Amino acid sequence: MEGALVVVHRPSASGGRLVTLRRYGHEETLGLAHSDHDLIVFLEAAGVVDPESVLDDARRLEWRGGSAHRWDAE
């Protein structure tokens with residue numbers, strides 16, 4: 001995942017957060033996560049070797065529009 005950036009977008013009103021991955025100048029949607037477990041599953045499917053280590057690594061993952069690890073609208 002060298003050079004890639006994962007973005008966990010703001011929580012939706014109905015719950016969950018959109019997760020996108022930007023790599024090679026292209027953004028792809030990984031899915032709508034409702035928990036850290038969902039996020040880890042999406043990262044594994046995208047080829048991230050140690051996805052749990054990415055969750056709090058600001059160089060590789062950005063939490064937008066809400067607190068990290070918070071999955072419902074605040």
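Is Glu-62 buried, exposed or partly exposed? In this predicted model, in which local features need pLDDT of at least 70 and side-chain atom pairs count only at pLDDT 80 or more, totals for chains, interfaces and linings use all residues. Residues are numbered from 1 along each chain as its sequence is written, and side-chain values use heavy atoms, with hydrogens and water left out. Glu-62 is partly exposed, with a relative accessible area of 30%, where buried means under 20% relative accessible area, exposed means over 50%, and partly exposed lies in between (1.4 Å probe, protein chains only).

Side chains of opposite charge can pair when their charged atoms come close. A salt bridge is defined here as a side-chain nitrogen of Lys or Arg within 4 Å of a carboxyl oxygen of Asp or Glu, and by this rule five salt bridges are counted. One of them joins Glu-62 to Arg-64, with the closest N and O atoms 2.9 Å apart; Arg-64, at 38% relative accessibility, is partly exposed. Another links Arg-70 with Asp-72, where the closest N and O atoms are 2.9 Å apart; Arg-70 has a relative accessible area of 34% and is partly exposed, and Asp-72 is likewise partly exposed, at 39%. In a further salt bridge, the side chains of Arg-59 and Asp-57 meet at 3.1 Å, N to O. Here Arg-59 is exposed, at 70% relative accessibility, whereas Asp-57 is buried, at 12%.

Strands of a sheet pair through backbone hydrogen bonds, either parallel or antiparallel. In this model, four strands form an open sheet of mixed pairing, in the order β3-β2-β1-β4; strands (E, at least two residues) and helices (H or I, at least four) are DSSP runs numbered from the N terminus, and two strands pair if DSSP finds at least two bridges between them.

Strand β1 (residues 5-11) pairs with β4 in the parallel sense over three bridges, and Val-7 stands opposite Glu-62 in β4. Helix α1 (residues 36-45) packs on the sheet and touches β1, β2 (17-23), β3 and β4, contact meaning heavy atoms within 4.5 Å. The direction of α1 makes about 145 degrees with that of β3.

Definitions and conventions. Axes are lines fitted to C-alpha atoms, for helices over the stretch in contact, and angles run from 0 to 180 degrees between N-to-C directions.
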